[in-house]
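Here are a few notes to read with the model open beside you. Go through them in order and find each residue on screen as it comes up.

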Amino acid sequence: MRNLNGLLFGVLAMLLLSACAGLGQESLLIPEETEIELGAEYHLQILEEMPELVGDPAIKAYVNGMGQYIASITDRANLTWHFTVLDAEEINAFAVPGGYLYVTVGLLRAASSGAEIAGVIAHEIGHVTARHGVQSMETYVFAEGISDLLGDEDLGPLVAGAIQAGAGLTFSQDQELEADSLGVGYAIDAGYNPWGIVHFFETLQELEGTPRGGEDDVLSFLDDLGELFSTHPPTDERIANVKVLIAKEGVAESDGSLAWETDTDLVTIQLLLPEPVARIE
Ligand SMILES: [Zn+2]
């Protein structure tokens with residue numbers, strides 16, 4: 001994690017200087033160029049901890065094709081987007097700043113339609129377009145940084161905290177709601193039935209039984225990268241909120257003009273996934 005740490009020290013110094021100058025949190029802003037650099041460093045770190053799937057190229061092409069198309073219709077189409085399938089059985093998806101987005105094999109296996117995958121990807125794209133990762137980082141540094149700096153503290157924990165904030169481990173409920181709202185809009189604009197998001201959240205609830213996790217959980221960057229399931233399980237309230245968002249768009253579950261599948265049915269991709277029983281986690 002040396003490179004990410006090094007880069008973050010620079011970012012923190014910049015943010016702390018603006019904070020100390022009394023500019024206030026609204027003035028703290030990580031430039032896009034730095035955001036992309038951060039994303040590239042996160043990406044290397046993530047692949048060290050959780051390798052990319054080495055499997056049939058059609059799996060990668062399916063996720064990348066879907067992701068690139070949805071990203072291309074957002075207001076951050078200018079970013080170079082990276083969609084990576086991680087070789088992990090846990091059901092998860094997450095994004096880090098700069099346009100780096102991840103879904104696991106477990107997620108591809110658990111979904112029942114392409115619209116579910118598209119909905120999840122659209123939600124994660126929403127976190128990036130709304131700059132939630134860097135916003136959380138800025139908020140964290142503003143809240144924690146001044147006292148650490150003035151108190152002659154070891155800045156290591158501050159860097160670790162900022163890394164977690166940037167990776168979405170401390171997203172607020174407002175940020176989740178915004179990503180859900182953006183995700184519903186993006187899914188519809190890309191031609192997918194947004195009810196896929198509801199279906200997937202319901203599947204997660206069924207698989208999980210009762211929702212777990214919470215705001216106060218102590219999370220390690222290495223142990224728990226994902227935000228979709230682990231830190232913010234889909235509660236009944238969140239599912240109800242998504243239904244309200246979809247209703248506002250006037251889309252019925254049975255809407256025939258929106259797709260449940262891409263040109264390649266999800267089931268075709270699922271048949272190409274590695275056999276779970278033969279794998280050691
Ligand atoms: Zn989220």
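1. Let's begin with one glycine. Setting aside residues up to four places away in sequence, G183 touches G119, A122, H123, G126 and I197. Do bear in mind as you look that this is a predicted model.

2. Where does this glycine sit? G183 is found in helix α8, which covers residues 173-189.

3. Is G183 buried or exposed? The cut-off for buried is 20 or more other C-beta atoms within 10 Å. G183 has 25 such neighbours inside 10 Å, so it counts as buried.

4. Now step back to the whole chain. The protein has 281 residues, and buried ones make up 43% of them. Going along the sequence, the order is α-α-α-β-β-β-α-α-α-α-α-α-α-α.

5. What about contacts across the chain? Take the contacts between residues at least 6 apart in sequence: 77% of those join residues at least 24 apart.

6. Helix α3 (residues 57-72) packs against helix α5 (residues 114-129) at an angle of about 50°, and their axes are 10 Å apart. That angle is why α3 is described as oblique to α5. As for handedness, the α3 and α5 crossing is right-handed.

7. Which residues make this helix contact? On the α3 side they are M66, G67, I70 and A71. On the α5 side they are I117, A118, I121, A122 and I125. Sorted by class, the contact of α3 with α5 has 8 nonpolar residues, 1 polar residue and no charged ones.

8. Some of those names come back in the largest nonpolar core, which holds 68 residues. The members that touch the most other members are I70, V103, A118, I121 and A162. Helix α5 supplies the largest share of this core, with 8 residues.

9. Finish with A118, one of the α5 residues in the contact with α3. What does it touch beyond its neighbours within four places in sequence? A118 is in contact with M66 and I70, and also with A187, A190, Y192 and G196. Of these, M66 and I70 belong to the α3 side of the helix contact.

How values were computed. Residues numbered from 1 in each chain as written. Predicted model: local features only at pLDDT ≥ 70, side-chain atom pairs only at ≥ 80, totals over all residues. Axes fitted to C-alpha atoms, helices over the stretch in contact; angles between N-to-C directions. Helix = DSSP H or I, 4+ residues; strand = E, 2+ residues; numbered from the N terminus. Parallel < 35°, antiparallel > 145°, perpendicular 65-115°, else oblique. Left-handed = near helix turned anticlockwise from the far one by under 90°. Contact = placed C-beta atoms within 7 Å. Nonpolar A, V, L, I, M, F, W, Y, C, P; charged D, E, K, R; others polar. Core = buried A, V, L, I, M, F, W, Y, C linked by C-beta atoms within 7 Å. Buried ≥ 20, exposed ≤ 12 C-beta atoms within 10 Å, placed from the backbone.
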